Amino acid sequence: MLPADRSLPPGQRLVSPLPVMHYGPVPRSRPERWRFTIGGATNDGAEREFTWAHLMALPAAEMVADLHCAKHWSVLDQRWSGIRARDMIDLAPPAENVDQVLVFAEYGYAATVRLEDLASARALLATSLDGVPLTPEHGAPMRLVIPHLYSWKGPKWVRGWNYLTAPERGFWEERGYHMRGDAWLEERYAYQE
Ligand SMILES: Nc1nc2c(c(=O)[nH]1)N[C@H]1C(S)=C(S)[C@@H](COP(=O)(O)O)O[C@H]1N2
Ligand SMILES: [Mo]
C-alpha cells in the first residue's frame with residue numbers, strides 16, 4: 001500500500017521489490033577494462049575517456065529515490081550511491097549549443113536525455129543500491145539514475161554519452177517512447193511530443 005504521505009506520478013502503481021527489467025542479455029562486469037567515454041559535441045571537439053579508478057576518485061554522492069518504469073510500475077525509496085553526473089559534465093563539458101545527450105550502455109542500448117536533466121542535482125551515476133554494489137542484473141558496475149524521468153532514461157551498464165547538436169533517438173525513443181520522458185508530466189509516448 002502507498003504510504004499516506006507519498007504520491008506517485010500519474011498512471012503508476014506501486015510494486016515491491018524492484019523488478020529486473022531490460023532488453024537483451026546481462027553483460028559481465030570487468031572494471032579493470034572498463035572505460036567511460038564522453039564524446040560528440042564536447043566544448044573542444046575532443047572525446048574523453050575515463051578509467052574506473054578515475055571515476056572512483058571523484059566525490060561520492062548518495063540519494064534516496066523512487067524508480068518509475070514507463071510500463072506503469074514504480075518502486076519507492078531505493079538508496080543509490082555513486083558519483084554525480086554533473087561532475088562528469090564538468091570534467092568533459094559540452095559545446096554551447098548542446099541541449100540533448102545520448103547516454104549509451106553495453107550492447108548498443110542508449111537513451112536520449114536533456115542536458116538539463118543530466119546536469120540536475122539528483123542525476124547519479126550509481127555504483128551501489130541499498131548499501132551493496134550493484135548486482136549484474138541491476139547494472140553493475142554503473143548505471144545512470146535520474147529519478148524524475150522514466151527509468152528507461154537510466155541505462156544500466158552505462159559506458160558514456162555523446163553530446164548532441166541535433167536530436168537523436170535512443171533505443172526506446174526509436175520505438176515510440178518520449179524524447180524527454182518526465183514521469184510527473186506523464187511523457188510516456190512519442191506522439192505526445
Ligand atoms: N542497458 C539497459 N539499461 C536499461 C534497460 C535496458 O533494457 N538496457 N531498461 C530500462 C528500463 S525500461 C527500466 S524500467 C530499468 C529497470 O531497472 P531494474 O532492472 O534495476 O529494475 O532499467 C532501464 N535501464
Ligand atoms: Mo522500464
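A residue is called partly exposed when its relative accessible area lies between the buried class, under 20%, and the exposed class, over 50%. Glutamate 193, at 46%, falls in that partly exposed class. Keep in mind for every panel that this is a predicted model.

**Figure 1. The whole chain, before we zoom in.** Here we have three helices and 11 strands in the protein chain. Reading from the N terminus, the order is β-β-β-α-β-β-α-β-β-α-β-β-β-β. The C-alpha trace spans about 50 × 40 × 30 Å along its principal axes. A compact globule of 193 residues would have a radius of gyration near 16 Å, and the chain's own value of 16 Å agrees with that. As for burial, 51% of the 193 residues count as buried. Take the contacts between residues at least 6 apart in sequence, and 67% of them join residues at least 24 apart.

**Figure 2. Close-up of the aspartate 66–arginine 6 salt bridge.** The structure holds 11 salt bridges, and this view picks out one of them, between aspartate 66 and arginine 6. The closest N and O atoms sit 2.5 Å apart. This pair links distant parts of the chain: aspartate 66 belongs to strand S4 (residues 61-68), while arginine 6 is in the segment before strand S1 (13-14), and the two are 60 residues apart. Arginine 6, with 25%, counts as partly exposed.

**Figure 3. Close-up of the glutamate 49–arginine 35 salt bridge.** Now for a bridge between two strands: glutamate 49 lies in strand S3 (residues 48-51) and arginine 35 in strand S2 (residues 35-40), so the pair ties together parts that are 14 residues apart in sequence. The closest N and O atoms of this salt bridge are 3.7 Å apart. Glutamate 49 is exposed, with a relative accessible area of 52%. Arginine 35 is partly exposed at 29%.

Figure 4. Glutamate 193 and arginine 169 form a salt bridge in which the closest N and O atoms are 2.7 Å apart. Both partners are in the segment after strand S11 (158-164), 24 residues apart, and the pair links distant parts of the chain. Glutamate 193 is partly exposed, at 46% relative accessible area, and arginine 169 is partly exposed too, at 31%.

Figure 5. How many cavities of 30 Å³ or more does a search of the whole structure find? The answer is one. The volume of this largest cavity is about 90 Å³. It is lined by 13 residues, and those closest to the centre are Leu67, Val145, Ile146, Leu149 and Ser151. Strands S4 and S10 (143-145) each supply at least two residues of the lining. Sorted by class, the lining has seven nonpolar, three polar and three charged residues.

Definitions and conventions
Residues are numbered from 1 along each chain as its sequence is written. Chains are lettered from A and ligands numbered from 1 in the order in which they are written. This is a predicted model: local features need pLDDT of at least 70, side-chain atom pairs count only at pLDDT 80 or more; totals for chains, interfaces and linings use all residues. Side-chain values use heavy atoms; hydrogens and water are left out. A salt bridge is a side-chain nitrogen of Lys or Arg within 4 Å of a carboxyl oxygen of Asp or Glu. Helices (H or I, at least four residues) and strands (E, at least two) are DSSP runs, numbered from the N terminus. Buried means under 20% relative accessible area, exposed over 50%, partly exposed in between (1.4 Å probe, protein chains only). On a 1 Å grid over the protein atoms alone, a cavity is a set of points where a 1.4 Å probe fits but cannot get out, and a pocket is an open set with protein on both sides within 12 Å along at least five of seven lines; lining residues have an atom within 4 Å of a point. Grid points are joined across faces, edges and corners, and a volume is the space filled by probe spheres set on the points. Ala, Val, Leu, Ile, Met, Phe, Trp, Tyr, Cys and Pro count as nonpolar, Asp, Glu, Lys and Arg as charged, and the others, Gly among them, as polar. The radius of gyration is taken over C-alpha atoms; the globule rule is 2.2 Å times the number of residues to the power 0.38. Contact means heavy atoms within 4.5 Å.
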